[in-house]
Amino acid sequence: MSLSSCLTETTSPYSVGPRAVSDDPNAETLGEIPGESIPLDPFVLTLNTIDGEVRAAKVQLTIELDKETAAEAFQVFIPRVRDTLLNYLRSQTYETIADNKHKQAMAQEMLDAVHKVGGDAVTAVLIQDLIVQ
């Protein structure tokens, strides 16, 4: 099934424009169609454990932009965004990053950090891959 075949107009007071939906009437909607996405180069970093050990991590992130911002135009902000995200990731402990229940909070905290450095066109930070050793 293609994404274009999944589009439908909604009349929900909480959304504007087309939303992606499944053919299954019991399935939840996938959300509003996002703007362009920019996959970032992987982050490879060391993390400290609460016991003082050093562990390695590889994190693959993608940022989603609002519909008004072209990915090509946003490229000039990527070094600033990468720096901000790397500083955020390095400030975390191994236990926090390794625990799946913190994933949603981490994504929101990274989004907030990106907004603080002028990345207002970013609507989401997606954790695409996370490997910790």
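Predicted model: local features only at pLDDT ≥ 70, side-chain atom pairs only at ≥ 80, totals over all residues.
Two packed helices are described by the angle between their axes and the distance between the axes. For helix 2, residues 78-90, and helix 4, residues 103-116, the angle is about 135°, and the axes are 9 Å apart. That angle makes helix 2 oblique to helix 4, because only angles over 145 degrees would count as roughly antiparallel.

Which residues meet in this contact? From helix 2 we have Val 81, Thr 84, Leu 85, Tyr 88 and Leu 89, and they meet Met 106, Glu 109, Met 110, Ala 113 and Val 114 in helix 4.

Let me turn to the rings. The structure holds 1 aromatic pair, and there are also arginines placed over rings: the charged end of Arg 55 sits over the ring of Tyr 94, at 4.5 Å from its centre, while Arg 82 lies over the face of Phe 43, with 4.2 Å to the ring centre.

Definitions and conventions: Residues numbered from 1 in each chain as written. Heavy atoms only, no water. Axes fitted to C-alpha atoms, helices over the stretch in contact; angles between N-to-C directions. Helix = DSSP H or I, 4+ residues; strand = E, 2+ residues; numbered from the N terminus. Parallel < 35°, antiparallel > 145°, perpendicular 65-115°, else oblique. Contact = heavy atoms within 4.5 Å. Phe/Tyr/Trp six-rings, centres within 6.5 Å; stacked < 30°, edge-to-face > 60°. Lys NZ or Arg CZ within 6 Å of the ring centre and 35° of its normal.
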